[in-house]
Amino acid sequence: MKKKLLCFMATLALGALLLSGCGSKNDDNTFVVGFDAEYPPYGYMDDNGEYTGFDLELAEAVCELEGWTLVKQPIVWDNKDNELNSGSIDCIWNGFTIDGREDDYAWSVPYVDNSQVIVVSKESGITSFDDLSGKIVGVQAASAALSVLEDEEQQKALADTFGKLQEFADYNTAFAELQIGSIDAIAMDIGVAKYQIESRGDDAFIILDEHLNSEKYGIGFALDNTQLRDTINEDLQKLKEDGTFDALAEKYGLSDMTCLE
Amino acid sequence: MAFSVMLTELTQGFLITISIFALTLLFSMPLGFIVAFGRMSKNRVICGITQFYISVMRGTPLMLQLMVVFFFPGYVLHIPTGNGWRFPAIILGFTINYAAYFAEIYRSGIEAIPKGQYEAAKLLGYSKSQTFMKIVLPQVFKIILPAVTNEVITLVKDTSLAYTLSVIEMFSVAKQVAAAQTTMIPFAVAALFYYVFNLLVSFVMNRLEKKMGYY
């Protein structure tokens, strides 16, 4: 009897899921935001186990304006294009760098001005780009920092002086390796770098004064989805005017980095 | 984050882990029988197809298979799958993969029964289906149990691959908590969860083996 019941429940559960999977596209009232849940302060799991962050709270504010329900969908960063093109998410909203990807997405207005920087441990004695020669530098796979380092017109020459460019799936692992000394430096976004260093609570790490480049964050939509993009752009403007945007920026310590006019 | 919150989050992820585990077993174990019969079929076409199926399932990484199942409808067939396809895709991917392994385990059990038993059963007046259900199958269960236990335990650990499709099971939760809290503790806790659950699985399978030691 128990077995039958379990069997029945399982079938029911799968059936319901299959049906929900059939309802093509994410409908008018839900807004599915794809984000990397391991990317504080833009999107991460807070102390209560809820997904939050600057970008997600901003998305929430947009949904309130539009009367939509927000679905926060964590994604594997490497799969972001597949997720967007297959329609499993409506946009990528997560400290998403525009520079170098201008033609690949329908972009919102840029709202954060971000730089790519190098983080090193204080003890290492590395203080400038020149000191990085022969060192092992970590970087997130498919990240903006990586494309800067691989671009001939940007910092490819610098990257060529490194001993090795080591790719990581997430920054937590990269920092753990920096801590135990298996890598010498990490190339990453300044906002994320600040969060990481601050939350690790000690002065073990520093950000080099030289920056790899300066770049802007936007929200990425599928190329044919300009309509949704335009709606979000208008909403961002409204949120800037009523002060919500600046309040959120301050909450997440990003005030001196925003660039929404 | 308080330790209790971390535990709650991991437990919630663990429920997803268990659903993947249970649903995969539920669907792949019967499907494995069908595949096993196809593999042993005298019909060359059926035998060839199942042989090819098994070789693909065993010869490519499960992680890759999961991505194919998830992205194939949207990319190749242009059927928009939406956000709800994630979990069913995981179950489907795991099921077709594990069915291939189970099929070979079943086959090893069925083919281990000596021919003499079939002949004896025939002399005693058993029909073919009676012979299989009443004489062969009970012995097969006994023979394959250790191999099945292996596979079931592997499945518990393989569920962590669901993170590829962003199904937030326990390992994904551990990664996210670790990232936000900048600590490695969640991984240690997750390891303990997996280990204890597998202890339980081994215990149950051991009991089952003892129960079947009737001759």
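**Close-up views of a predicted two-chain model**

**View 1. An open three-stranded sheet in chain A.** In this predicted model, three strands of chain A form an open sheet in the order 2-3-4, with antiparallel pairing. Strand 2 and strand 4 (51-52) of chain A stand at the edges and have a single partner strand each, so one side of each is left without a neighbour in the sheet. Between strand 2 of chain A and strand 3 (residues 43-45) of chain A there are two bridges, in the antiparallel sense. Within this pair, Tyr39(A) stands opposite Gly43(A) of strand 3.

**View 2. Strand 6 of chain A and its partners.** Strand 6 of chain A is mostly covered, with seven of its seven residues buried. Strand 1 (residues 30-35) of chain A runs parallel to strand 6 of chain A and is joined to it by two bridges. Here Cys91(A) is the bridge partner of Val33(A). With strand 13 of chain A, strand 6 of chain A pairs in the antiparallel sense over three bridges. In that pairing, Ile92(A) stands opposite Gly220(A) of strand 13. Strands of a sheet pair through backbone hydrogen bonds, either parallel or antiparallel.

**View 3. Further pairings of strand 13 of chain A.** Strand 13 of chain A also pairs with strand 7 of chain A, in the antiparallel sense and over two bridges. Ala106(A) stands opposite Phe221(A) of strand 13 in this pair. Five bridges join strand 13 of chain A to strand 8 (residues 112-121) of chain A, and these two strands run antiparallel. In strand 13 of chain A, Asn213(A) is the residue opposite Gln116(A).

**View 4. The contact between the two domains of chain A.** The domain assignment divides chain A into domain 1 (29-112 + 216-257) and domain 2 (114-214). Their C-alpha centres lie 25 Å apart. To the contact, domain 1 of chain A gives 15 residues and domain 2 of chain A gives 13 residues. On the domain 1 side, the elements that give two or more residues are strand 2 (38-39), strand 6 (91-97) and strand 13 (213-221) of chain A. The residues on this side of domain 1 comprise eight nonpolar, four polar and three charged.

**View 5. The largest nonpolar core.** This core has 116 residues, and those with the most contacts inside it are Val33(A), Val119(A), Ala185(A), Ile186(A), Ala187(A), Met188(A) and Ile90(B). The element that gives the most to the core is helix 4 (residues 86-111) of chain B, with 14 residues. Domain 1 and domain 2 of chain A both give residues to the core, so it lies between them. Leaving aside residues up to four places away in sequence, Ile90(B) touches Ile20(B), Leu66(B), Ala162(B), Leu165(B) and Val167(B). In soluble globular proteins, nonpolar side chains tend to be buried together.

**View 6. The contact between chain A and chain B.** Chain A supplies 40 residues to this contact and chain B supplies 31 residues. On the chain B side, helix 1 (3-40), helix 3 (62-75), helix 4 and helix 7 (170-181) each supply at least two residues. The chain B side consists of 18 nonpolar, ten polar and three charged residues. For the complex, the predictor gives an ipTM of 0.71 and a pTM of 0.77.

**View 7. Confidence along the two chains.** Chain B averages a pLDDT of 93, and 100% of its residues score at least 70. Chain A averages a pLDDT of 86, and 89% of its residues score at least 70. Where pLDDT is low, the predicted coordinates should not be read in detail.

Methods:
Residues numbered from 1 in each chain as written. Chains lettered and ligands numbered in written order. Predicted model: local features only at pLDDT ≥ 70, side-chain atom pairs only at ≥ 80, totals over all residues. Domains from an automatic or database assignment. Contact = placed C-beta atoms within 7 Å. Helix = DSSP H or I, 4+ residues; strand = E, 2+ residues; numbered from the N terminus. Nonpolar A, V, L, I, M, F, W, Y, C, P; charged D, E, K, R; others polar. Buried ≥ 20, exposed ≤ 12 C-beta atoms within 10 Å, placed from the backbone. Pairing = 2+ DSSP bridges. Core = buried A, V, L, I, M, F, W, Y, C linked by C-beta atoms within 7 Å. pLDDT = per-residue confidence, 0-100.
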